[in-house]
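The stops below are meant to be selected in order.

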Amino acid sequence: MATYVRNNWFWWVVTLTALAPMGWLAWRALTNSLGVDPVNTVNNVSGRAAMIVLFFSLACTPLNTIFGFRRALTVRRSLGLIAFAYASLHLLNFVGLDYGFDWNLIVQDAVLDKPYILAGSLALLLLALLAITSTRGWMRRLGRNWKRLHRLVYAAGVLVVLHFLWQAKAAERWEPLMYGGVLAALLLVRVPAVRNWLVRQRGARSARVSRPRAAQAD
Ligand code: HEM
């Protein structure tokens, strides 16, 4: 038991934190306290949670690259799946509660008329593809192509920022632009020259830390 807790506490803390908005929504729905416009509340919370959790999943690899924080890699897949779950709820709320499953109206009023819906739908399709192929079986089947396919998560991130930006009013654009900045920084860390420089800095940092200890031992 103690070994299980020692090895898995980080995964549990991160997963439960990422699921907290879902719990909050469920609690509010059960107690009939989603506010004057429940559809809008669910839309805002599920959309933001999907995007933020997705960006945390994108931050896992850089956290390991820059700080050598290997535990971050253990939560990457769960965070991706939780982001997909929030995005699915966001879609269900939109087609079910907002449009009452009226597919003709959805296509005419939303998909054809609002480019941000198209960007969101494409992002969700990519997230679905990545969620389906996130299993060990698909990893084995796709081999080297698995990594290439899963780089599409960055395309999904760009589409989500565009989706958010296109639907925001001029005075509120600072928020999607801020998330766009975060995504740009995460993408920058993936550029080989930048990544190699960061890895060298980490090596130099740990050499500085271990040198005084070695001197003490002498
Ligand atoms: C089929 C896919 C999608 C549909 C139909 C959809 C629909 C919508 C709608 C109708 C809005 C509100 C627009 C308004 O208030 O005027 C919205 C906002 C938003 N969506 Fe989506 N969306 C989709 C996919 C996604 C995905 C995949 C994400 C994130 C991973 C996302 C994140 C957001 C965010 C952050 C907002 C802003 C919420 C706010 O204004 O507070 N959406 N979406």
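**The whole chain**

Residues are numbered from 1 along each chain as its sequence is written. This is a predicted model, in which local features need pLDDT of at least 70, side-chain atom pairs count only at pLDDT 80 or more, and totals for chains, interfaces and linings use all residues.

Begin by displaying the protein chain as a cartoon: there are 10 helices and 0 strands. Helices (H or I, at least four residues) and strands (E, at least two) are DSSP runs, numbered from the N terminus. The C-alpha atoms fill a box of roughly 75 × 45 × 40 Å, taken along the principal axes.

Next, colour by pLDDT, the predictor's confidence in each residue, from 0 to 100. The mean for the protein chain is 93, and 96% of its residues reach 70 or more. Select residues 192–217, helix H10, where confidence is lowest at a mean of 77; H8, at 98, has the highest. Where pLDDT is low, the predicted coordinates should not be read in detail.

Two totals describe the packing of the chain. Of its 218 residues, 21% count as buried; a residue is buried if 20 or more other C-beta atoms lie within 10 Å of its own, exposed if 12 or fewer, and partly exposed in between, with C-beta atoms placed from the backbone. Among contacts (C-beta atoms, placed from the backbone, within 7 Å) between residues at least 6 apart in sequence, 66% join residues at least 24 apart.

**The ligand shell**

Now select the ligand and the 20 residues around it; Asn44, Gly47, Ala50, Ala87 and Gly120 come nearest. Here a residue is near a molecule or strand if its C-beta atom, placed from the backbone, lies within 6 Å of it. Helices H2 (38–67), H3 (72–98), H5 (115–132) and H8 (152–167) are the elements that give two or more residues to this shell. H2 provides the largest share, 7 residues.

Colouring the shell by residue class shows 11 nonpolar, 8 polar and 1 charged. In this scheme Ala, Val, Leu, Ile, Met, Phe, Trp, Tyr, Cys and Pro count as nonpolar, Asp, Glu, Lys and Arg as charged, and the others, Gly among them, as polar.

**The largest nonpolar core**

Which members of the 33-residue core touch the most other members? Select Ala50, Val53, Ala83, Tyr86, Ala123, Leu127 and Val160. At least two core residues come from each of helix H1 (2–30), H2, H3, H5 and H8. The largest share, 10 residues, belongs to H2. A nonpolar core is a set of buried Ala, Val, Leu, Ile, Met, Phe, Trp, Tyr and Cys residues joined through C-beta atoms within 7 Å.

Centre the view on Val160: not counting residues up to four places away in sequence, it touches Met51, Leu54 and Ala123.

Move to Asn32, in the loop between H1 and H2. Its phi is near 55°, a positive value in a residue other than glycine. Asn32 counts as exposed because it has 7 C-beta neighbours inside 10 Å.

Then select Phe101, in the loop between H3 and H4. Phe101 also has a positive phi, about 55°, although it is not a glycine. Most residues other than glycine have a negative phi. With 10 other C-beta atoms within 10 Å, Phe101 is exposed.

Finish at Leu112, in the loop between helix H4 (103–111) and H5. Is Leu112 buried or exposed? Leu112 counts as exposed, since it has 11 C-beta neighbours inside 10 Å. A distance drawn from Leu112 to Leu34, C-alpha to C-alpha, spans 30 Å, and the two are 78 residues apart in sequence.

Conventions:
Two residues are in contact if their C-beta atoms, placed from the backbone, lie within 7 Å.
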